[in-house]
Amino acid sequence: MTAKAEPAWWQSGIVYQIYPRSFQDANNDGIGDLAGIIARLDYLVWLGVDALWLSPVYPSPMVDFGYDVSNYVDIDPIFGSLDDFTRLIDAAHGRGLKVIMDFVPNHTSEAHPWFMDSRSCRTSAKRDWYIWRDAGPGGGPPNNWLSEFGGSAWTYDEATGQYYYHAYLPQQPDLNWRNPDVRAAMQEVLHFWFKRGVDGFRIDTVHHLYEVTTFVDNPPNPDFKPGMAPTLALDRRNQYDQPELHTTLAGFRRIADSYGERVLIGEIYLPLERIVTYYGADLMGVHLPFNFHLIGAPWKAKILADLITRYEALLPPGAWPNWVLGNHDRARIASRIGPEAARAATMLLLTLRGTPTLYYGDEIGMTDVAIPPEKVQDPWELRVPGFGFGRDPVRTPMAWTGEPHGGFSLCAPWLPLHDTRALNVADQQTRPDSMLTLTRALIALRREEPALNRGSYGLIAARGDVLVYERRHGARAVMVLLNLAAAPVYTPIDGAGALLLSTHPGDAHERVGALVCLRPHEGIIVEISREA
Ligand code: NOJ
């Protein structure tokens, strides 16, 4: 029998997402920066994660807070300089941490020189680098496509008398990926950063790279109901998930592989059946197509069990799974299901098979922060107000201490913080019952248990409010039992050995025959005894 290859770092490891504006402000302008991240690397080592993914730090007018890039090969002065970035890479690597950048290939900023050239005249050499169309037959936009962030996906350019396409904001024109010069220019961007030592990329909105060539209208969204945001009125099928993108991703993959063990993570908001196609033919697409399905899932044992089983079954042979509980675009887990339930959710994230991505602040149980209307910054909320799209509440600064501004900055930050006296890193580091202590213990257990960081997954049961599964590697196996309810529950625990970890450490668990009593919202990890 041949020995099984060791998993790659991006398989056995844990990714930690940093939203750079909100992690640590070293120069006290109220916005986080690279020097701040460097100053907090020891914390990440202490926490035990393996890689940090930075949301974009490139030069940008910041209309979409960095997802509108005006130069792909530099650092925005708000965050520092290229030298600071090199310092970050060196400091991270010196501590055994990997660094993953955000790559935003679908669109540039309108301030990118490519777009300025493209819009300068119809005969510009860069005209075809973006998607320009004449007005529709009756005048107005070329078709009915909507922007993800509200309104038409087309903006009229007075000077040249045509419309340009933008899946997101008008300030984020879509690149034309069918143009080979665009593909070549963007591949150069990957080389630029790989040569500077980055360990991988999270690729923004990859499903949007191509649109149908016919530009036909989108059909109505059959699930649209009165009261829903008007942006959801149509089914966007013609605007994404086109076959050509897989060739493009395979090209990115060849570049990544040419630098050794690097990772590509694709951001894809699609049904699971579609997400798994982004592993690519012969697994030559992205290494990890982000699986966001825990984010929207109702917190019910049976639903979660079915989701996990379905995802595991859909994975192509050899594909490595991944799970995400939160990110900079969606409500925080502690707000979605409550701070107590978030403890079991973190146990779920860190005990499932596949790479977990942990969103900064979730390890201390940060909740969404209410933003007063006059402080709203997110363009999505500003364009489509009142439907809960606003992302400011989940992007608030990290609370390191209970001091004013939470040790994030000495001056008022770009977004308000929660009451940091109640929730901060320094306090939670000292408390054995804190969310941070739990998260760190889960990470440490995952790291030392091959059953958890590389073993197989098997559903044991979804009984009422309790989800039970096992993870197994060779002779070693552990069982995870999660009580998703706010009430105590008695559940069978056949074959269980020693308790390895509980979300709610305390007195020994009450046992009645073969039943164990789980506390409200409690999750436990137990060994499966060898005889079982
Ligand atoms: C997805 C990113 O996560 C989000 O923050 C951004 O606004 C859009 N893509 C557009 O780049």
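I began with Asp241 and Arg274, whose side chains meet in a salt bridge at 2.6 Å, N to O. The model is predicted. I then looked up where the two partners lie. Asp241 is in the loop between strand 7 (200-203) and helix 7 (245-257), and Arg274 is in helix 8 (residues 272-275). The pair links distant parts of the chain, 33 residues apart.

Next I checked accessibility. Asp241 has a relative accessible area of 17%, so it counts as buried, the limit being under 20%. Arg274 is partly exposed at 32%.

I moved on to Glu273, also in helix 8. Its side chain forms a salt bridge with that of Arg310, again 2.6 Å, N to O. Arg310 lies in helix 10 (residues 301-314), so this pair ties together parts that are 37 residues apart in sequence. I noted both partners as partly exposed: Glu273 at 39%, Arg310 at 37%.

I placed Glu449 in the loop between helix 15 (435-448) and helix 16 (450-453). Arg476 belongs to strand 14 (residues 476-483), 27 residues away. Buried or exposed, I asked of Glu449? It is buried, at 6% relative accessible area. Arg476 is partly exposed at 26%.

I also looked for shared partners. Asp64, Asp329, Asp378, Arg391 and Arg395 are joined into one network by such salt bridges.

Last, I ran the search over the whole structure. It finds 30 salt bridges.

Definitions and conventions
Residues are numbered from 1 along each chain as its sequence is written. This is a predicted model: local features need pLDDT of at least 70, side-chain atom pairs count only at pLDDT 80 or more; totals for chains, interfaces and linings use all residues. Side-chain values use heavy atoms; hydrogens and water are left out. A salt bridge is a side-chain nitrogen of Lys or Arg within 4 Å of a carboxyl oxygen of Asp or Glu. Helices (H or I, at least four residues) and strands (E, at least two) are DSSP runs, numbered from the N terminus. Buried means under 20% relative accessible area, exposed over 50%, partly exposed in between (1.4 Å probe, protein chains only).
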